[in-house]
Amino acid sequence: MGLQDYIKDIARFGLENDQDKLLSTLNQFIEHSKKTRKVNFAIQLQSILKDNIRQQKTSSLTKVGSDAYFSRIEDREFNELILEKITSDYRLSNIIANKEIQNDLQFFIEEHQNIDVLRKFELPVANKLLLHGPSGCGKTLASYVVAGELQKMMIVVNLGAIVSSKLGETSKNLSKIFRSAAAEDCIIFIDEFDSLGKVRDYSQDHGEMKRVVNTILQLFDYLPQSSIVIAATNQKEMLDEALLRRFDFSIGFELPNAKEIKDLVTLVLKGNKFKFDNQIKANKIIKSAVGLSYFSIQKTLITTIKRSLFAKEKNENYFSTLKINSSIWEELVKNEKKALAI
Ligand SMILES: Nc1ncnc2c1ncn2[C@@H]1O[C@H](COP(=O)(O)OP(=O)(O)OP(=O)(O)O)[C@@H](O)[C@H]1O
Ligand SMILES: [Mg+2]
């Protein structure tokens, strides 16, 4: 069946209220989309379907105290906790890093691409990944790369937000998130993982925080082999030794050196669309930008490209290769360094 046939069937069964046929067609359509390489679309559609079925199960009149009643409350609370549920198109080629980091990421991804082989030989699967390092150096990006390469949905959880708003309920909430992610075969990405350590500093409630750390330890220990947890922090030193030990892999991101900045520039310039007006000067700026994060450098370069584009005479051919004004970039990099006191 082609795309149009699926749409016609979906419209017909939807309008006829024929739930069974509609679901069966949607499932076939999901399989068809996977086969025709529209995997992200298929994952999203599948998620809509699952969410809906779960809601339908619980939206009919429910008796207080019944399973359905609790599951409806759980759903509502769960939605409040999740910041984002995403799919990603990022690949390993989108991230600039030294060979070691590239290899570590690739190994982690390969384990999950070959999970059946590992199972056959009864080898454990590495499924807990810690990403640490300074801000703007690719931790969140790396989580998107893993989700993109494995074509899995990812639940992004901001631990800082959960801990600070509902400390008393954090353990319960975390268990809920882990359970739901396992059921839906999602990756769990826990951002601001260091909040576990931080809150202990100023919170009066040491007992509560200890419980949260213990919950995390338990959730990690009993994590199903097929589930993946990625945690990110820019303050690794805030974390307990017991927590750190639980991770199978720990990848440390660093500020880029001159070569990595050059690679980032090439990535941003996207082939031949944009070129510097003065390559020698650009090379000098690249060297002077050492000390800034990937994010800061990318930001200054993109701003420079935009300003160079706007400065172009209106009657000039807009689509010929754009010359990037390296003086603007030099100024922006200088300002950025000054702002960050580098
Ligand atoms: N190693 C990298 N390679 C290519 N681009 C990068 C890299 N690091 C950062 N960037 C760019 O900067 C953006 C922000 O980076 P990212 O969100 O991954 O930083 P982070 O390490 O998670 O920072 P934070 O600790 O503040 O959350 C990315 O979306 C990407 O555009
Ligand atoms: Mg981040």
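A residue counts as buried if 20 or more other C-beta atoms lie within 10 Å of its own, as exposed if 12 or fewer do, and as partly exposed in between, with C-beta atoms placed from the backbone. The model is predicted, and local features need pLDDT of at least 70, side-chain atom pairs count only at pLDDT 80 or more, and totals for chains, interfaces and linings use all residues. Residues are numbered from 1 along each chain as its sequence is written, while chains are lettered from A and ligands numbered from 1 in the order in which they are written.

Ligand 1 is surrounded by 15 residues, of which S135, G138, T140, L141 and Y294 are the closest; a residue is near a molecule if its C-beta atom, placed from the backbone, lies within 6 Å of it. Helices (H or I, at least four residues) and strands (E, at least two) are DSSP runs, numbered from the N terminus. Domain 2 (85–252) and domain 3 (258–339) each supply at least three residues of the shell, with bounds from an automatic or database domain assignment. Eight shell residues are nonpolar, six polar and one charged (Ala, Val, Leu, Ile, Met, Phe, Trp, Tyr, Cys and Pro are nonpolar, Asp, Glu, Lys and Arg charged, and the others, Gly among them, polar).

Most residues other than glycine have a negative phi. Q151, in the loop between α7 and β3 (154–158), has a positive phi near 50 degrees. Q151 has 15 other C-beta atoms within 10 Å, so it is partly exposed. E192 also has a positive phi, near 55 degrees, and lies in the loop between β4 (187–191) and α10 (195–202). E192 is buried because 20 other C-beta atoms lie within 10 Å.
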